[in-house]
Amino acid sequence: MTTGRDDQQVLRARLAAQLLAGADHRSPTGVVSRLLAVQAQDLASSLWAVGVRSSGTTMDEVLAALEDGSIVRSWPMRGTLHLVAAEDLGWLLGLGVPRVRSTIAARHRQLELDAETFSRSRALTEGLLSGHRRVTRDELLTAHTDAGIPIDGQRGSHLIMELAMSGVVCWGPPAGRQQALVLTEEWIRAPRVLEADEALGEFVVRYLTGHGPSTIADLTWWSKLTVAQAKRGVDVAAGRLVSDSSDGVTRWSTAESIEPSAAPRPPRVLALPGFDELLLGYRDRELTLPAAFADRIVPGANGIFLPMIAVDGRVVGTWRRRTSATGVVVTPTPFQPLSQRVQAGFRRAAGEYGRFLGLSASVDEGTSAA
């Protein structure tokens with residue numbers, strides 16, 4: 001089925017797909033599963049990415065889902081850390097890792113990381129972690145050094161990444177402000193096993209469920225699947241998909257998607273974390289972030305995406321926080337002055353963030369008034 005949507009309709013539909021339209025309460029695992037994967041190189045940002053999508057959820061609840069093993073963190077695609085539902089990790093690695101390996105092979109040669117080194121690293125790690133033991137990154141790398149496996153330069157990071165991409169380890173339970181590494185086969189109790197075509201169809205449906213309407217280019221950028229794989233996934237899932245075309249652009253959604261209401265309502269103002277899927281879930285970000293303001297989100301093109309203020313799906317500024325033992329102060333930095341209604345909406349959003357942390361929240365609005 002083909003329909004046509006204007007830009008605002010696309011944004012409303014994406015907010016609904018991403019659970020940002022006005023939240024029902026969902027479990028942290030339910031949120032992560034809905035989006036298929038949540039970008040998570042910054043752990044604190046990824047925790048709030050889950051919390052902002054589920055009304056009333058606290059950081060302790062998200063951490064509990066990491067502790068009980070229902071959510072894990074690994075490198076399932078793009079060579080980038082993501083949170084995923086534990087049951088999905090294995091088949092996602094099967095789809096996403098081959099292309100990542102091809103892109104980092106030259107770097108492994110530069111670092112003198114060969115098959116023998118990876119084999120020694122794997123044997124060491126399996127021996128260290130077997131029996132449901134858990135270790136921090138530093139503990140694992142110290143064990144490598146003690147065993148005569150150098151970790152200098154970026155070797156240590158690449159060794160851990162290879163262990164994770166091979167399905168040997170994943171980041172699981174909380175360990176202070178980070179996570180501990182555990183053996184995947186012990187930690188993930190009921191992994192899903194999907195055949196190749198089944199996995200492609202599942203990937204397309206799940207990505208579109210949590211990110212649609214999206215183009216094939218969005219999907220291949222996000223996943224680093226080939227265009228041929230993406231099109232095969234669309235073919236496998238064809239009965240569950242719909243497309244819409246506008247101005248020569250075709251976007252796909254799932255047939256089960258619920259069309260969001262077009263009725264007038266107050267602006268939906270969100271305090272999103274850095275690296276949020278509302279922006280990073282798509283190759284073409286112009287609808288969400290006008291190109292003129294892109295350098296305000298990633299200053300100096302340094303790869304660090306700042307926390308964002310979004311109004312009805314469009315990014316209108318950044319924010320930062322400072323915390324104490326009793327509270328958090330949130331300071332907005334809008335691209336342009338905010339209306340009184342949007343300021344009120346941002347105060348509510350900051351309050352939701354404070355509740356997530358278990359702290360009182362206030363807003364320093366000195367730069368935000370219209």
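Reader: Let's start with aromatic rings. How many aromatic pairs does the structure hold?
Author: This is a predicted model. It holds seven aromatic pairs. One of them is Phe-275 with Phe-305, a tilted pair.

Reader: Where in the chain do Phe-275 and Phe-305 sit?
Author: In distant parts, 30 residues apart. Phe-275 is in the loop between strand 9 (269-272) and helix 13 (277-280). Phe-305 is in the loop between helix 14 (294-297) and strand 10 (308-311).

Reader: Are Phe-275 and Phe-305 buried or exposed?
Author: Both are buried.

Reader: Next pair. What kind do Trp-319 and Tyr-353 form?
Author: Edge-to-face, with 70° between the planes and 5.1 Å centre to centre. This pair also links distant parts of the chain, 34 residues apart. Trp-319 is in strand 11 (residues 314-323), and Tyr-353 is in helix 15 (residues 340-357).

Reader: Why does Trp-319 count as buried?
Author: Because its relative accessibility is 6%, and the cut-off for buried is under 20%. Tyr-353 is buried too, at 7%.

Reader: Which residues do ring pairs link into a cluster?
Author: Trp-48, Trp-319, Tyr-353 and Phe-356.

Reader: What about charges over rings?
Author: Here are two. The charged end of Arg-14 sits over the ring of Tyr-282, 3.9 Å from the ring centre. The charged end of Arg-285 sits over the ring of Trp-221, 4.9 Å from the centre.

Reader: Back to strand 11. How many bridges join strand 11 to strand 12?
Author: Seven, and the two strands run antiparallel. Strand 12 covers residues 327-334. A hairpin of three residues joins strand 11 to strand 12.

Reader: And in which sense do strand 10 and strand 11 pair?
Author: Antiparallel, over four bridges. Their hairpin has two residues between the strands. Asp-312 takes a positive phi there, near 50°.

Reader: Which residue in strand 11 does Met-308 stand opposite?
Author: Thr-318. Thr-318 in turn stands opposite Thr-333 in strand 12.

Reader: New topic. Which residues of the largest nonpolar core touch the most other members?
Author: Val-72, Trp-75, Trp-91, Val-169 and Phe-203, out of 50 residues. Helix 5 (residues 89-110) gives the largest share of this core, eight residues.

Reader: What is Trp-75 in contact with, beyond its neighbours within four places in sequence?
Author: Several residues, among them Thr-80, Leu-93, Ile-160, Met-165 and Trp-171.

Reader: What about a second core?
Author: There is a separate one of 48 residues. It includes Leu-43, Leu-338, Phe-346 and Tyr-353. Tyr-353 is the partner of Trp-319 in the edge-to-face pair.

Reader: Helix 4 now. Which residues of helix 4 are buried?
Author: Val-62, Ala-65 and Leu-66. The helix spans residues 59-67. Seen down the axis of helix 4, the buried residues fall within an arc of 105°, so they line one face.

Reader: What follows helix 4?
Author: Gly-69, with a positive phi near 85°.

Reader: Which residues have a positive phi although they are not glycine?
Author: Among them are Glu-112, at about 60°, and His-132, at about 65°. Most residues other than glycine have a negative phi. Glu-112 lies in the loop between helix 5 and helix 6 (115-129). His-132 lies in the loop between helix 6 and helix 7 (137-146).

Reader: Are Glu-112 and His-132 buried or exposed?
Author: Exposed. Glu-112 has 63% relative accessibility, and His-132 has 56%.

Reader: Which residues does a cis peptide bond join?
Author: Gly-212 and Pro-213, with omega about 0°. Pro-213 is in the loop between helix 10 (196-211) and helix 11 (216-223).

Reader: Last one. Where is Ala-255 found?
Author: In the loop between strand 8 (249-254) and strand 9. Ala-255 is partly exposed, at 44% relative accessible area. Leaving out residues up to four places away in sequence, Ala-255 touches Arg-240, Leu-241 and Val-242. Ala-255 and Pro-332 are 38 Å apart in space, C-alpha to C-alpha, and 77 residues apart in sequence.

Definitions and conventions
Residues are numbered from 1 along each chain as its sequence is written. This is a predicted model: local features need pLDDT of at least 70, side-chain atom pairs count only at pLDDT 80 or more; totals for chains, interfaces and linings use all residues. Side-chain values use heavy atoms; hydrogens and water are left out. Buried means under 20% relative accessible area, exposed over 50%, partly exposed in between (1.4 Å probe, protein chains only). The arc is that of the directions from the helix axis to the C-beta atoms. Rings of Phe, Tyr and Trp (its six-membered ring) pair if their centres lie within 6.5 Å; planes under 30 degrees apart count as stacked, over 60 as edge-to-face and the rest as tilted. A charge sits over a ring if NZ of Lys or CZ of Arg is within 6 Å of the ring centre and within 35 degrees of the ring normal. Two strands pair if DSSP finds at least two bridges between them. A nonpolar core is a set of buried Ala, Val, Leu, Ile, Met, Phe, Trp, Tyr and Cys residues joined through side-chain atoms within 4.5 Å. Contact means heavy atoms within 4.5 Å.
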